[in-house]
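Biologist: I would like to go through the labels used for this model and ask what stands behind each of them.

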Amino acid sequence: MSHVPRQIAVTFDYRCPFARNAHEAVVAAERTHVIRGVEWRYQAFSLDQAHLDEGDVAVWDREPDEWGTGVLALLYGLAVRDAFPDKFLDAHLALFAARHDEGRRLDDEQVLRDTVASVGLDRGAVSDEVWSGRPLKTLAAEHTHAVDDLDVFGVPTFIEHDDAAFIRFMERGRVDDLERAIGLLDWTRFNEFKRTRLPR
């Protein structure tokens, strides 16, 4: 009898350093197969949208110059994930690195074009996919589902079935931290565990 893998989605917005910490761990786990029996999904979540006031026009219903500073990068990530999946993990890490290692602006399309080109993608082909409108519809659907159905409020949130948990990793790329965290996802008898201070 074959074992059905767990399916865990992890939300991301490229501007968040804690999302970067978590996603580097998830990508490392996926590539090394250290954590067995999990299928990972990478789900976009717009912090620009999350920070709007109630009743404001949604970012995906605005003109591009009113999207905020993170939406265009999400569209590039989604375009690669859905249209060029063999390059997604490389591009995903590179987009986080552009912001957090290189200090580049993610609302500058040239930065995004250069970033996807740096992992071997055709910048024009990715840009064409971004501006096709498909990634924007995907962003709207993924973000709205996360908020309306699962009460997600930020990144990185780990989603399994109908359970969602926001987890803030303090160190980058730690698969051992990730393994410990996902061991608690289906244990729902405590809701919040937050240290008042961290030894640093």
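This is a predicted model: local features need pLDDT of at least 70, side-chain atom pairs count only at pLDDT 80 or more; totals for chains, interfaces and linings use all residues.

Biologist: Why are α3 and α5 called roughly parallel?

Modeller: The axes of α3 and helix α5 (residues 109-117) cross at roughly 25° and come within 10 Å. Angles under 35 degrees count as roughly parallel, so α3 is roughly parallel to α5. The crossing of α3 past α5 is right-handed.

Biologist: Which residues make the contact between α3 and α5?

Modeller: On α3 they are L72, A73, Y76 and V80, and on α5 they are E109, L112, R113 and V116. By class, the contact of α3 with α5 holds six nonpolar, no polar and two charged residues.

Biologist: What makes α1 and α4 roughly antiparallel?

Modeller: Helix α1 (residues 17-32) packs on helix α4 (residues 88-100) at an angle of about 155°, and their axes are 10 Å apart. Over 145 degrees a pair counts as roughly antiparallel, so α1 is roughly antiparallel to α4. Here the crossing is left-handed.

Biologist: Which residues of α1 and α4 meet?

Modeller: From α1 come P17, A19, R20, H23, E24, V27, E30 and R31, and from α4 come L89, D90, H92, L93, F96 and H100. The contact of α1 with α4 has six nonpolar, three polar and five charged residues.

Biologist: Why are α5 and α6 called oblique?

Modeller: Their axes come within 9 Å and cross at roughly 125°. Over 145 would be roughly antiparallel and 65 to 115 roughly perpendicular; the rest, apart from angles under 35, count as oblique. The angle of roughly 125° falls in that rest, and therefore α5 and α6 are oblique to each other. The crossing of α5 and α6 is right-handed.

Biologist: What residues form the contact of α5 with α6?

Modeller: E109, Q110, R113, D114, V116 and A117 of α5 touch R123, G124, V126 and S127 of α6. They divide into three nonpolar, three polar and four charged residues.

Biologist: How do you know that the span of α7 agrees with what a helix should give?

Modeller: Helix α7 (residues 134-150) has 17 residues, which at 1.5 Å a residue should span 24 Å. The end C-alpha atoms of α7 are 23 Å apart, so the span agrees.

Biologist: Which residues of α7 are buried, and what do they pack against?

Modeller: The buried residues of α7 are P135, L136, L139, A140, E142, H143, A146 and L150. They pack against β2 (38-44), α2 (47-50), α3 (71-83), α6 (123-130), β3 (157-160) and β4 (163-166).

Biologist: What comes after α7?

Modeller: D151 follows α7 and lies in the loop between α7 and β3. D151 is not a glycine, yet its phi is positive, about 60°.

Biologist: Why does D151 count as exposed?

Modeller: The relative accessibility of D151 is 63%. The cut-off for exposed is over 50%, so D151 counts as exposed.

Biologist: What makes H161 exposed?

Modeller: H161 has a relative accessible area of 68%, which means that H161 is exposed under the cut-off of over 50%. H161 sits in the loop between β3 and β4, and its phi, near 55°, is positive in a residue other than glycine.

Biologist: Where is P156 found, and what joins P156 to V155?

Modeller: P156 is in the loop between α7 and β3. A cis peptide bond joins V155 and P156, with omega about -5°.

Conventions:
Residues are numbered from 1 along each chain as its sequence is written. Side-chain values use heavy atoms; hydrogens and water are left out. Helices (H or I, at least four residues) and strands (E, at least two) are DSSP runs, numbered from the N terminus. The expected span of a helix is 1.5 Å times one less than its number of residues. Buried means under 20% relative accessible area, exposed over 50%, partly exposed in between (1.4 Å probe, protein chains only). Contact means heavy atoms within 4.5 Å. Axes are lines fitted to C-alpha atoms, for helices over the stretch in contact, and angles run from 0 to 180 degrees between N-to-C directions. A crossing is left-handed if the near helix is turned anticlockwise from the far one by less than a right angle, and right-handed if clockwise. Ala, Val, Leu, Ile, Met, Phe, Trp, Tyr, Cys and Pro count as nonpolar, Asp, Glu, Lys and Arg as charged, and the others, Gly among them, as polar.
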